[in-house]
Amino acid sequence: MRILLVHPNYHSGGAEIAGNWPPAWAAYLAGALRGAGYDDVHFIDAMTDHVDDAALEARIRELKPDVVGTTAITPSIYKAEETLKIAKKVSPAIITMLGGVHATFMFKQVLTEAPWIDVIVRGEGEEILLELVRAIDDGRWPLARHEIEGLAFLDGADIIATKAAPTVKDLEKIKPDWGILEWGKYIYIPLGKRVAIPNMARGCPFTCSFCSQWKFWRDYRIRDPKAVVDEIETLVNDHDVGFFILADEEPTINRKKFIAFCEELIARGLPEKIQWGINTRVTDILRDEEYLALYRKAGLVHVSLGTEAAAQLKLDLFNKETTVEQNKKAIRLLREADILVEAQFIVGLENETAETLEETYRMAMDWKPDLANWSMYTPWPFSNLFEELGDKVEIHDFDKYNFVTPIIRPAAMDRAELLDRVMNNYRRLYMRKALFSYPWQGTGYRRKYLLGCLKAFLKAGFQRTFYDLGRVNYWGPQSKKGVDFKFDRTRTRTNHRAETGDWQAVAETSRKAAKREAVVHEAAGVIKACGGGTEQLTDEEADALNALPARGDLPPTRGDAPGRSGAHI
């Protein structure tokens, strides 16, 4: 049986400016398939290769697959749907599969508007996909679909969601097939090195109102640090990878294991061959002040900090009660440890004003991060905050949910002015960095890295891909009246509701989640964690949470009833 995985050809002006990112989901699923004896697996990275619809159709005709699977986050959902429509056009006999975080929660929306999709995989894909493929291979498809856990599909006019599959218990049994990727395509522009995105853990013990990670993965599970380093060593030795970013939302949650990870990298001499970056929270940096030198010795050179917003009002809205001074201190500590620091500002909320945007610029100048990004608030349609915002979210064109398009219109300005003021912040900050900072950072690694970042920004700017400026017709302050975000206003809230009830029940009522909540809320201290807890987890608490068994025992649901549903297929 021939299986084809396709990464959809979606582009925005966000993270792509730093380079092409390898689709790790394909490697994890290909590894699971080949580990079970299914060797005829192919992959098309339509995004990196800019494969248009006509070329994709030709490739599918040439390969003659029995199964075509793709994945989607929210902004790429329409391209993923179109990818599978092309597969059905090539041959109605092809079984089309879709997975990923968006389809997991929004399966009713997807199956309603894309009935050519045969099946949706809800949640982690490795084990569910194997059950699907075996059923097809044995001739039990489609009758077996009602018995396979973790699916959603159309049965006549009805949308069916089967009982959710358990989360993957042993992450070490998952062996990604990194060889399915053409590594020469995945270059991190600031360093000119091949880049990988391995993961250290799945899930999160916190419950931020704006985030979907804790919902999608359901249980927080962290891998053996030595196994993660084994994987990184393979990427270095077999694929010449020179830089990696841990895929985890917050890899420093379990400090004990993060330190063990760093020590293992050092013991194997890997920091001489590969450097890396992470995303994490301000509170973790403050907690780990005495370990930052160790992190740098292990090759950590770039930390992206979720400072989120400059105004305390916004920090509170996101359940993040870090203070402005704590943000400033965390940035200073990282710079003193010779770790490049990137401050992330979330802008574009309803209460955004010209003054609050100017305040974020002043904060960036005062805090002195090496890099700063202003990202438009993007309310995932399956997050708690999305429901709380209600009618304030008036755009339901998911193609634009890309962190660079203003989804919420501030009360005090229109979207074009919001974009213009954000660009003004970028222009001023990076002009000053280019003239007075980056060239004078010595002659070593830091200077090379920062000039490489500047090169990436300039390249995206000249190509008009940065922040999707070319698509929206923005050329500077004089062009504000001509900006057009091209929203599809026919897409409304009524036909785009998430199916969330049953999935949420697992996340919030499982024994592990109950223990997690108790640990978080009983901890003492003044610094609150992402989900509103009062302190960081201690090493003992993190270990105790990780030791609790995962669960996934949801009842089957129909798509017209309330319902919420590791790689993602």
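The charged end of Arg428 sits over the ring of Tyr361, 3.8 Å from its centre. A charge counts as sitting over a ring when NZ of Lys or CZ of Arg is within 6 Å of the ring centre and within 35 degrees of the ring normal. The charged end of Arg296 is placed over a ring too, that of Tyr445, 6.0 Å from the centre. Before we go on, please note that this is a predicted model, where local features need pLDDT of at least 70, side-chain atom pairs count only at pLDDT 80 or more, and totals for chains, interfaces and linings use all residues. Residues are numbered from 1 along each chain as its sequence is written, and side-chain values use heavy atoms, with hydrogens and water left out.

Let us turn to rings that meet other rings. A pair of aromatic rings is described by the distance of the centres and the angle of the planes. Rings of Phe, Tyr and Trp (its six-membered ring) pair if their centres lie within 6.5 Å; planes under 30 degrees apart count as stacked, over 60 as edge-to-face and the rest as tilted. How many aromatic pairs does the structure hold? There are 32 aromatic pairs. One of them joins Phe244 and Phe261, edge-to-face at 6.5 Å centre to centre with 80 degrees between the planes. This pair links distant parts of the chain, since Phe244 is in strand S12 (residues 241-245) and Phe261 in helix H9 (residues 255-267), 17 residues apart. Helices (H or I, at least four residues) and strands (E, at least two) are DSSP runs, numbered from the N terminus. Both Phe244 and Phe261 are buried, a word that means under 20% relative accessible area, with exposed over 50% and partly exposed in between (1.4 Å probe, protein chains only).

A second pair is formed by Trp380 and Phe403: the ring centres are 5.4 Å apart and the planes stand at 80 degrees, so this pair is edge-to-face. Trp380 lies in the loop between strand S16 (371-376) and helix H15 (384-389), and Phe403 in the loop between H15 and helix H16 (415-436), so the pair ties together parts that are 23 residues apart in sequence. Trp380 counts as buried because its relative accessibility is 15%, whereas Phe403, with a relative accessible area of 34%, is partly exposed. Elsewhere, ring pairs link Phe345, Trp367, Trp374, Tyr426, Tyr430, Phe457, Phe466 and Tyr467 into a cluster.

Now follow strand S3 (residues 67-71), where 5 of its 5 residues are buried. In a regular strand the side chains alternate between the two faces of the sheet. Both faces of S3 are covered, with Val67, Gly69 and Thr71 buried on one side and Val68 and Thr70 on the other. Strand S1 (residues 3-7) runs parallel to S3 and is joined to S3 by 4 bridges; two strands pair if DSSP finds at least two bridges between them. Val6 has Thr70 in S3 as its bridge partner. S3 also pairs with strand S4 (residues 95-99), in the parallel sense over 5 bridges, and Val67 has Ile95 in S4 as its bridge partner. The chain crosses from S3 through H3 to S4 in a right-handed β-α-β crossover, meaning that, with the strands pointing away from the viewer, the path from the first strand over the helix to the second runs clockwise.

Leaving aside neighbours within four places in sequence, Thr83 is in contact (heavy atoms within 4.5 Å) with Val6, Pro8 and Leu56.
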